[in-house]
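Open the structure in your viewer and keep the selection tool ready. Each stop below says what to pick and what you will find there.

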Amino acid sequence: MSENTLVTYGMIGGGEGAFIGDVHRHAINLDGKAKLTAGCFSRTMANTLATGAALHIEKDRLYETYVDMAKAEASRADGIDFAVIVTPNKSHFPIAKVFLEQGINVVCDKPLTTDFSQAEELAKITKENNLLFAVTYTYSGYATVKHARAMIAAGDIGEIRFVKAEYPQEWLAERIEDSGQKQAAWRLDPAQSGISNCVGDIGSHIENTVAYMSGLKIKRLSARLDNLVEGRLLDDNATILVDYQSGAKGLYWASQIAIGHDNDLSIQIYGSEGTIRWRQEEPNYLEVAYKDKPAMRISRGRDTLKERAESLVRIPAGHPEGYFEALANIYKTYVAALIKKRKGKALNAEDMDFPQPEAGVSGVQFIEKCVESSKKDAAWVDFKES
Ligand SMILES: NC(=O)c1ccc[n+]([C@@H]2O[C@H](COP(=O)([O-])OP(=O)(O)OC[C@H]3O[C@@H](n4cnc5c(N)ncnc54)[C@H](O)[C@@H]3O)[C@@H](O)[C@H]2O)c1
């Protein structure tokens, strides 16, 4: 496969009326290195056909079920190189498994699965079949997040003492799930969402972004999950205390009833020499404070970032990069790794700088441990060491 060979992919989910599938397609298109050639965009064939027609996909590559799609694509000489899974949480495992078993690489949205042993199984099959698997924890794709990660790894803010991270949203402050709002309806339905709504949906982003940025590993946690809007079967707010293996401490808050907040993920990492603060709603900047020095604001595009982060800066300062670019950075790295691997070259750590299945496994463990702790009245529960 030459450097310029177009990689092809198929999508499961992301039909007309869906949210994140279209974001994935735009993010992939930003770099123009992969082409959508197959799909099972919905559980309804009419939607798959309509979505496929709008996206100019050949009719014989539009499938009624993801099982048909995996089998048919695996048997074609020009079959897809990777499958993108953007369906509700509970279906991630069976869909990912069938593609991996057919020898097809997978990109799957978070949370990886709704069960820890299933997440471990996907990681195992990926390794056994020598495939590449990315879990799209979008925020790890921001150049500023990568810069913070490199700063922390280099010891810029000293030893980490405390992490305060929150992800407040307001969109579930009322029972919009009753009015048929599709994204709310499945997230609050345990049959489709799994054992948690709020922690699974956005607490998982906190867990991953903190882990990626700081390198900290959770030792144990104490969580209280609340159903603050009456009548819900799953949580819409969560407060979580964390102890890390290093001895550092953390406090996480995830909420979908926080009126006045859109997608206000914010991470503050306090070290012995300084503090780093990053906000997803202003992702072009990173605030840094050191002892005895004026605080500073690092600007993507204006200030030179650490090497890996700088390599992902696309446009000059003041022209904002955002959510699409962050996801595009994950795909850019993933597709480049696929091409390099096809050419028989070894992949290094930078080539593999996209969220690995192990990050997905850790995320699922986080969700399960939060639910377990909350059921025991916020008792401390230990993390299984990885
Ligand atoms: N990384 C992020 O920042 C981010 C953001 C939003 C959502 N997500 C994740 O993406 C996933 C989808 O979320 P969404 O908000 O786009 O949901 P959505 O309801 O908008 O879309 C889900 C799509 O999956 C389709 N679908 C369901 N079952 C299917 C099946 N068996 N075969 C084929 N298609 C099927 C539905 O028809 C729909 O088109 C969830 O796991 C969610 O956690 C991630």
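**Start at the ligand**

Select helix 7: this helix gives the shell around the ligand its largest share, 4 residues. Helix 7 spans 182-187. This is a predicted model.

Along with helix 7, each supplies at least two residues of the shell.

Next, show the whole shell. There are 28 residues around the ligand. Colour them by class: 11 are nonpolar, 11 polar and 6 charged. Then pick out Phe19, Asn89, Lys110, Gln183 and Tyr323, which come nearest to the ligand.

Go to the oxygen atoms of the ligand. At tryptophan 186, a polar side-chain atom lies 2.9 Å from a ligand oxygen. At isoleucine 20, look at the backbone: a polar atom there is 2.9 Å from an oxygen of the ligand. Threonine 87 also uses a polar backbone atom, 3.2 Å from a ligand oxygen. How much of the ligand does the protein bury? Taken alone, the ligand exposes 850 Å², and the protein buries 94% of that.

**Zoom out to the domains**

Colour domain 1 (7-139 + 327-355) and domain 2 (143-314 + 363-382) separately. Each of these domains gives the ligand shell at least three residues. Their C-alpha centres lie 25 Å apart.

Last stop: the interface. Here 27 residues of domain 1 are in contact with 31 residues of domain 2. The two domains bury about 2,400 Å² between them, with 49% of it on carbon and sulfur atoms. On the domain 1 side, select Tyr137, Tyr139 and Asp353. These lose the most area to domain 2, together 33% of what that side buries.

Note on methods. Residues are numbered from 1 along each chain as its sequence is written. This is a predicted model: local features need pLDDT of at least 70, side-chain atom pairs count only at pLDDT 80 or more; totals for chains, interfaces and linings use all residues. Side-chain values use heavy atoms; hydrogens and water are left out. A residue is near a molecule or strand if one of its heavy atoms lies within 4 Å of it. A polar contact is a pair of N or O atoms within 3.5 Å; within protein, one must be able to donate a hydrogen and the other to accept it, and residues adjacent in sequence count only if both atoms are side-chain atoms. Accessible areas come from the Shrake-Rupley method with a 1.4 Å probe; for residues, only the protein chains shown count as cover. Ala, Val, Leu, Ile, Met, Phe, Trp, Tyr, Cys and Pro count as nonpolar, Asp, Glu, Lys and Arg as charged, and the others, Gly among them, as polar. Domain bounds come from an automatic or database domain assignment. Contact means heavy atoms within 4.5 Å. Buried area is the accessible area (1.4 Å probe) that two parts lose on being put together, summed over both.
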